[in-house]
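Please look over the structure shown below together with its sequence.

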Amino acid sequence: MLGAFIAQVLNGLLDGTYYLLIALGLSLIFSLGGIINLAHGAFFAIGAYLAITITPYVGFFGALILVPLIVAGLGMLTERSLFTRFYRVDPLYSLLLTFGLAMVIEQGLRWIYGASPQSYNMPDILRGQVFLGDFIYSRYRIFLIAVAVAAVAALWVLLNRTSFGRIVRAGVQNPEIVGSLGISLRPYLSVVAGIGIGLAGLAGVLLSPIYTIHPAMGAEIITLAFVVVVIGGLGSFWGVIIAAVLVGLTKGVLVAVGLSSWSTAAIYLLMFVVLLLRPRGLLGERILRFE
């Protein structure tokens, strides 16, 4: 019984892990550029479909490297062609823009791949279970969590241990001062958009073997990713991580005790309580819109 309980809690944390990959990108893009990217989930779907397309040629591990890079490139192209026009206007306009972009991407995927759900075969080397006494858990799910943790750790190093990260964090806190120093934030905005959207592409590849792939899959995940951002607080790296863990634990524990029908509602209740007590989120900071 204890092993089954732990397995369900880990499944909840697994959900929190891929919410985290998407939510971090959302938070980064909004914090620096003021863009509310409702198309983020659509790029997650692109990652999943690209995995199906590329894997026969380069294998799963090749796709795990190439697909996030391709999606990141698409993200940078989107930032240069679309987002850059909306940095100095009300965020509502970017919300409408990215909502329309999400619809275009979804219909494009439906046109290219069809509306029928598709599946993705798990690599043989990652099939099977891990047995630790009474505890049994999927080897692939452990791999997924490990890759996601490594990606988040790499992002933390980039933001906190490099000159690029120092400029990005300064731009989030006070873009006017950064501009007064003669540093243009526009190249950094492109890279941040690429990194954030690339993380969504990575999540798409990682989840392809365990979730059904269909054109509307991005719309299903984007809402909960926004919940994680709201709970954690915009502009806070650790706030989003803590929120993803809380959301995952909440969902996993409720499923483990037989209340799976309440698991999603509990996540929204958690957001409601956090907003009542701290409207900026758990570790939210004051964000100045990019000028």
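What follows is a short report on a predicted model, arranged by topic.

## Helix α8

Helix α8 covers residues 217–232, and its 16 residues reach 23 Å from the first C-alpha to the last, which is close to the 22 Å expected at 1.5 Å a residue. Its buried residues are M217, G218, I221, I222, L224, A225, V227, V228, V229, I231 and G232. Just after α8 comes G233, whose phi is positive at about 105°.

## Salt bridges

A search of the whole structure gives 4 salt bridges. In one of them K251 pairs with D15, with the closest N and O atoms 3.1 Å apart; this pair links distant parts of the chain, since K251 belongs to helix α9 (residues 237–256) and D15 to helix α1, 236 residues apart. Both K251 and D15 are buried.

E106 and R110 also meet through their side chains in a salt bridge, at 3.4 Å from N to O. Because E106 and R110 are 4 residues apart in helix α3 (residues 91–113), about one helical turn separates them. An α-helix has 3.6 residues a turn, so residues three or four places apart point the same way. E106 counts as buried at 13% relative accessibility, whereas R110, at 27%, counts as partly exposed.

R80 forms a salt bridge with E79, and here the closest N and O atoms are 2.7 Å apart. R80 is partly exposed, with a relative accessible area of 39%, while E79 is buried at 0% relative accessibility.

## A nonpolar surface patch

Y57, V58, I65, L66, L69, I70, L74 and L77 make a nonpolar surface patch of about 800 Å². Of these residues, Y57 is found in helix α2 (residues 40–81), and Y57 counts as exposed because its relative accessible area is 72%, above the 50% cut-off.

## Pocket and cavity

The second largest pocket has a volume of about 280 Å³ and is lined by 13 residues, of which P68, A151, G198, L199 and L202 lie nearest its centre. Two or more lining residues come from each of α2, α4 (139–160) and α7 (186–207), and α7 gives the most, with 5 residues.

The count of cavities of 30 Å³ or more comes to 1, and the largest cavity has a volume of about 30 Å³. The largest cavity is lined by L28, I29, L32, G33, Y87, L189, V192 and A193, with α1 (2–33) and α7 as the elements that give two or more residues. The largest share of this lining, 4 residues, comes from α1.

Conventions:
Residues numbered from 1 in each chain as written. Predicted model: local features only at pLDDT ≥ 70, side-chain atom pairs only at ≥ 80, totals over all residues. Heavy atoms only, no water. Expected span 1.5 Å × (residues − 1). Buried < 20%, exposed > 50% of the residue type's maximum accessible area, 1.4 Å probe, protein only. Patch = residues over 30% accessible without salt bridge, like charges linked within 9 Å, V, L, I, M, F, W, Y side chains within 5 Å. Areas by Shrake-Rupley, 256 points an atom, 1.4 Å probe, with all protein chains shown as cover. 1 Å grid on protein atoms, 1.4 Å probe; cavity = no way out; pocket = protein on both sides within 12 Å on 5 of 7 lines; lining within 4 Å. Points joined across faces, edges and corners; volume = space filled by probe spheres on them.
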